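Subject: Structure for your review

Dear colleague,

Please find below the structure that I am handing over to you. My findings follow it, arranged by region so that you can read them alongside the model.

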Amino acid sequence: MSVSEGLDVGDEVVVDVGPVAHGGHCVARHEGQVLFVRHTIPGERVTARVTERQRSFVRADAVEVHTASPARVTPPCPYARPGLCGGCDFQHVDPAEQRRMLGDVVSEQLRRLAGLDREVVVEEVEPVLGWRTRMTFVPGPTGHLGLRKHRSHEVVEVERCWIAHPGLPDVLAHDDWESPSVEAVVSSTGDTLVVADGPVPDGLETGGVVSLNGRRREGRGGVTEEVGPHRFRVTGSGFWQVHPESARTLTDAVMEAGDVRPGDAVADLYAGVGLFTAPLAEATGPSGSVVSVEADHGGTRDARRNLHGFEHVRLVDATVEAALRRRLVGERLDVVVLDPPRTGAKKAVAGIVALEPRTIVYVACDPAALARDLASFAARGYELDGLRAFDLFPQTHHVECVAVLRRTASAPD
Ligand SMILES: C[S@@+](CC[C@H](N)C(=O)[O-])C[C@H]1O[C@@H](n2cnc3c(N)ncnc32)[C@H](O)[C@@H]1O
């Protein structure tokens with residue numbers, strides 16, 4: 001059936017819900033038409049209301065549940081409902097089942113895009129509420145701050161966010177913002193910061209304020225993060241992992257997977273402010289070397305300060321693609337760690353393989369991009385040797401993976 005004669009926005013149909021799919025929804029069918037349904041769980045029977053029509057499928061929200069999954073719970077947050085805040089995808093699902101669903105999504109992406117048959121168990125990370133240490137709010141129609149609806153610029157004003165860390169500056173308690181967005185930050189050392197334009201409302205407690213372009217500041221211009229023995233300065237809205245356990249969890253997983261030895265030559269690609277560079281440099285020791293590549297100038301500036309104690313670390317302020325092309329990373333390496341943004345590292349794969357590392361550790365926040373790139377690495381002689389997945393964005397469809405690849409054949413010319 002073509003969509004033109006199928007369901008339209010606002011239509012409601014009763015459907016039996018099939019498997020979870022990447023993106024925070026489950027797959028259902030109605031008279032041959034595919035529906036991606038949010039606010040439901042595999043195995044449920046629901047009334048789905050269509051919210052968006054695409055050429056080969058429609059998007060819908062479950063607005064009434066006829067047969068509930070045993071994993072269904074009442075969402076703790078009153079805004080985590082059809083038509084309201086789009087920030088959380090799975091508040092209506094018991095956390096253990098959320099992890100099973102995320103594992104199914106990663107397995108499905110690996111199978112479909114990389115031809116890999118692997119059951120993925122997503123590891124639990126506490127807490128599952130009150131975890132977001134960096135939150136960006138936007139003003140709503142009345143001037144109060146809020147969050148965007150799913151796939152929309154419309155703002156739902158909120159009194160509280162259930163996944164926001166309780167130590168964040170209480171920006172939601174104030175209405176008189178003049179900024180197009182307001183980011184609240186709390187660090188592992190308890191530093192707080194607000195990133196916003198215009199004056200800060202009277203009575204707001206924060207350690208510092210930085211303008212959106214980073215040029216103006218009052219008080220502290222950044223925060224200090226602590227991971228094991230290492231301290232990291234993160235200025236303004238520079239990149240830092242958002243769950244309080246992310247930095248330690250991922251560092252441990254990367255170091256275990258990388259098995260870096262003293263004297264090794266290592267690259268940390270998409271390095272941010274140097275979260276992995278510091279422990280990698282410790283592992284290589286001064287007889288080895290680490291090259292740390294980051295495209296954001298502010299990130300590289302912070303990294304310079306964070307890593308100044310390591311003389312065998314070299315910072316490259318460039319895109320990974322340019323650094324590889326211009327051979328700024330080196331000729332041959334022992335271990336490469338990469339942690340690209342959501343889009344993955346498609347254009348970097350060939351350049352990384354040309355360095356002939358014995359091990360590649362790929363940290364990925366998007367399982368589809370990861371699976372696509374794993375297929376590309378496999379075609380060039382690097383096979384998946386291990387994969388861990390972590391629930392570092394609880395209540396949402398996002399999941400973090402750490403994959404380790406080993407060289408099985410010499411790289412093709
Ligand atoms: C997911 S973050 C990882 C940062 C760091 N590994 C961490 O965990 O804190 C990705 C980083 O890649 C940087 N980035 C994005 N595209 C890039 C590119 N093409 N080349 C180099 N860095 C890039 C971003 O600025 C960001 O700091």
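This is a predicted model: local features need pLDDT of at least 70, side-chain atom pairs count only at pLDDT 80 or more; totals for chains, interfaces and linings use all residues.

**The eight-stranded sheet**

A second open sheet has eight strands, ordered β7-β22-β23-β21-β20-β17-β18-β19, again with mixed pairing. At the edges stand β7 (122-123) and β19, and because each has a single partner strand, one side of each is left without a neighbour in the sheet. Strands β17 and β18 run parallel, with five bridges between them. L269 has V293 in β18 as its bridge partner.

**The hairpin of β15 and β16**

Strand β15 (residues 222-227) is joined to β16 by six bridges, and the two run antiparallel. Together they form a hairpin with two residues between the strands. In the turn, G228 has a positive phi of about 55°. V227 stands opposite H230 in β16.

**Helix α3**

The buried residues are T277, A278, P279, L280, A281 and T284. They pack against several elements: the strands β16 (230-235), β17 (265-269), β18 (289-294), β19 (313-317) and β20 (335-338), and the helix α2 (246-258). Just after α3 comes G285, which takes a positive phi of about 70°.

T396 is found in the loop between β22 (382-390) and β23 (400-407). Is this threonine buried or exposed? T396 has a relative accessible area of 4%, and because buried means under 20%, T396 counts as buried. Its side chain makes two polar contacts that you can trace. A polar atom of the T396 side chain lies 2.7 Å from the backbone oxygen of F393, and the side chain of T396 also reaches the backbone nitrogen of H398, at 3.1 Å. Setting aside residues up to four places away in sequence, T396 touches G87, C88, D89, F90, L102 and W131.

T189 lies in the loop between β11 (182-186) and β12 (192-195). With a relative accessibility of 29%, T189 counts as partly exposed. The side chains of T189 and S187 are joined by a polar contact of 2.9 Å. The side chain of T189 also reaches the backbone oxygen of T224, at 2.7 Å. Apart from neighbours within four places in sequence, T189 is in contact with T224, E225, E226 and R231. For a sense of scale, Q109 is 80 residues from T189 along the chain, and the C-alpha atoms of T189 and Q109 are separated by 37 Å.

**The ligand and its surroundings**

Which residues are closest to the ligand? They are Q241, E294, T319, V320 and D339, and 17 residues surround the ligand in total. By class, this shell contains ten nonpolar, three polar and four charged residues.

- Q241 has a polar side-chain atom 2.7 Å from an oxygen atom of the ligand.
- E294 places a polar side-chain atom 2.6 Å from an oxygen atom of the ligand.
- Y270 has a polar backbone atom 3.3 Å from a nitrogen atom of the ligand.

Taken alone, the ligand exposes 590 Å², and the protein buries 86% of that area.

With kind regards

Technical notes. Residues are numbered from 1 along each chain as its sequence is written. Side-chain values use heavy atoms; hydrogens and water are left out. A residue is near a molecule or strand if one of its heavy atoms lies within 4 Å of it. A polar contact is a pair of N or O atoms within 3.5 Å; within protein, one must be able to donate a hydrogen and the other to accept it, and residues adjacent in sequence count only if both atoms are side-chain atoms. Accessible areas come from the Shrake-Rupley method with a 1.4 Å probe; for residues, only the protein chains shown count as cover. Ala, Val, Leu, Ile, Met, Phe, Trp, Tyr, Cys and Pro count as nonpolar, Asp, Glu, Lys and Arg as charged, and the others, Gly among them, as polar. Helices (H or I, at least four residues) and strands (E, at least two) are DSSP runs, numbered from the N terminus. Buried means under 20% relative accessible area, exposed over 50%, partly exposed in between (1.4 Å probe, protein chains only). Contact means heavy atoms within 4.5 Å. Two strands pair if DSSP finds at least two bridges between them.
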